[in-house]
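Here is a short report on one protein chain. Look over the sequence and the structure before reading on.

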Amino acid sequence: MDTGQLVLIIVLAVVVIAAVIVAVVIGRRKKAEVNRHRAAELREKAAEEAIGAHQAKAESAQAEAAALQAEVEANRLRKDAEEHAAKANEAKERVEENLRHADKLDPNVRNERDRANDHNETADDHHPATRERADERSTVADRATDRDRPTPDDGQRLTRDRSGREGNRNS
């Protein structure tokens, strides 16, 4: 081998090594460019997601504020309902008191015993079976009204039942 061939082999080896180095450098630059582009896309996507997260957080805060406002409104309405119920109860008590007072003043108001006695007087007094049945009805009615009537010892106010049942005292 002569020196010319040796030089040629060395030059070719240097050119091949230089070509490999250039290819590696160019490959790294392309890879870096691709990575920069990919990183920019990821940053853009993250920014969009951050905006979405902020919007979701704002909507959550708004919904929570609306819920608190609704709760305050519900409490106010509940308080109003309780006040109206109290006023209604007071009005009902005044009405009942006025009716009791009117019944005390009205000579035409009759109690259950007076009605039973009127019924007995209208029955055929000459027939003994009719008199017995009338007496039994009167006794049963007296026991039923005494049993249902609260006593003053119970600590309750005595009130008349105004539920509209048959045989109401005001009819």
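## Overall fold

This model is predicted. The protein chain has three helices and zero strands. Along the sequence, the pattern reads α-α-α. Helix α1 spans residues 3-105.

Now take the contacts between residues at least 6 apart in sequence. In the protein chain, 54% of these join residues at least 24 apart.

## Burial and surface

How many of the 171 residues count as buried? The share is 5% for the protein chain. A residue counts as buried when its relative accessible area is under 20%.

The accessible surface of the protein chain is about 14,800 Å². Carbon and sulfur atoms hold 56% of that surface.

Is E49 buried or exposed? E49 counts as exposed because its relative accessibility is 53%, and the cut-off for exposed is over 50%.

## A nonpolar patch

A nonpolar surface patch is made by L6, I10 and V14. Together these residues have about 270 Å² of accessible area. Among them, I10 belongs to helix α1.

Why does I10 count as partly exposed? Its relative accessibility is 48%. Partly exposed lies between the buried cut-off of under 20% and the exposed cut-off of over 50%, so I10 falls in that class.

Note on methods: Residues numbered from 1 in each chain as written. Predicted model: local features only at pLDDT ≥ 70, side-chain atom pairs only at ≥ 80, totals over all residues. Heavy atoms only, no water. Helix = DSSP H or I, 4+ residues; strand = E, 2+ residues; numbered from the N terminus. Buried < 20%, exposed > 50% of the residue type's maximum accessible area, 1.4 Å probe, protein only. Contact = heavy atoms within 4.5 Å. Areas by Shrake-Rupley, 256 points an atom, 1.4 Å probe, with all protein chains shown as cover. Patch = residues over 30% accessible without salt bridge, like charges linked within 9 Å, V, L, I, M, F, W, Y side chains within 5 Å. Salt bridge = Lys/Arg side-chain N within 4 Å of Asp/Glu carboxyl O.
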